[in-house]
Amino acid sequence: SQTEGEYQRVKKAQGMSPVELAQKCGALGENTLAVHLVSARGKDFDILADSGATVGYCPSSQIIYEKLCPIQEFVNREMPIATATDCNASNDQFDLLSELKFAALTMRDRGIDANTGNQVAVDSVTRTPANVLGLKTLGSLEVGKKADLVFVKSDLGNEPLNDIIPHIVYNFGSRSVQHVMVDGKWILWKRDLVELSARSLQADFRKAVSEMNRRIES
């Protein structure tokens, strides 16, 4: 159910919605990540909720490409939601913290209580994706889990820090990130990559894009 066109094609060919077809094929379950669901409707919502599937929510991509999915239907049914940026074909940036804020704002726009939406949004980039991907040692700060940490810098513009959840959602963007640790190992320190060169990565990326364009043109 990525687009309205897809919904109509599947409905015409199979006599059912894409979600109903997925259920018929046995593709829905607690380990299912159902991405987009822009054209989900009617019985689809209860089918998805009953299956235990996780909603893959990419609000920027959905709006750029077509329209926002009925996110309120999934939140109201307390379905697990994982937020992501999607790919470069349908989103112009890969800033997950910006997407986190946008996800919370779109939930608020759809009538979801701010406190509920904010907590769902934070869970959607931490606990929920770890759970659906089966990564039991990630997703939360607990004894026995891997030390995957993002350190953000608080400044005068973020004060006062009375309630950390709204501040994470609305105030801290990627520019606030100072350090990143993955499995106890520093990957980013004072906004600089520890073992890699950003300039070298950019050069490799541009080289790869040029090669792809060359192959397409030939």
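A word first: the model is predicted.

Let's start with helix 7, residues 114-123. Which of its residues are buried? Gly117, Asn118, Ala121 and Val122. Now look down the axis of helix 7. Those buried residues fall within an arc of 130°, so they line one face of the helix. And what do they pack against? Helix 6, residues 96-109, and helix 9, residues 164-170.

Next, the N-terminal end of helix 7. Asp113 caps it. A side-chain oxygen of Asp113 lies 3.1 Å from the backbone nitrogen of Asn115.

On to the largest pocket. It holds about 1300 Å³ of space. Its lining has 43 residues. Nearest the centre of the pocket lie Val122, Val125, Thr126, Asp148 and Val150.

Last stop: Ser39. Find this residue in the loop between strand 1 and helix 3, which spans 44-51. Is Ser39 buried or exposed? The cut-off for buried is under 20% relative accessible area. Ser39 has 2% relative accessibility, so it counts as buried. Which residues touch it? Leaving aside neighbours within four places in sequence, Ser39 is in contact with Ser1, Gln2, Thr3, Glu4, Tyr7 and Asp44.

Definitions and conventions
Residues are numbered from 1 along each chain as its sequence is written. This is a predicted model: local features need pLDDT of at least 70, side-chain atom pairs count only at pLDDT 80 or more; totals for chains, interfaces and linings use all residues. Side-chain values use heavy atoms; hydrogens and water are left out. Buried means under 20% relative accessible area, exposed over 50%, partly exposed in between (1.4 Å probe, protein chains only). Helices (H or I, at least four residues) and strands (E, at least two) are DSSP runs, numbered from the N terminus. The arc is that of the directions from the helix axis to the C-beta atoms. Contact means heavy atoms within 4.5 Å. A polar contact is a pair of N or O atoms within 3.5 Å; within protein, one must be able to donate a hydrogen and the other to accept it, and residues adjacent in sequence count only if both atoms are side-chain atoms. On a 1 Å grid over the protein atoms alone, a cavity is a set of points where a 1.4 Å probe fits but cannot get out, and a pocket is an open set with protein on both sides within 12 Å along at least five of seven lines; lining residues have an atom within 4 Å of a point. Grid points are joined across faces, edges and corners, and a volume is the space filled by probe spheres set on the points.
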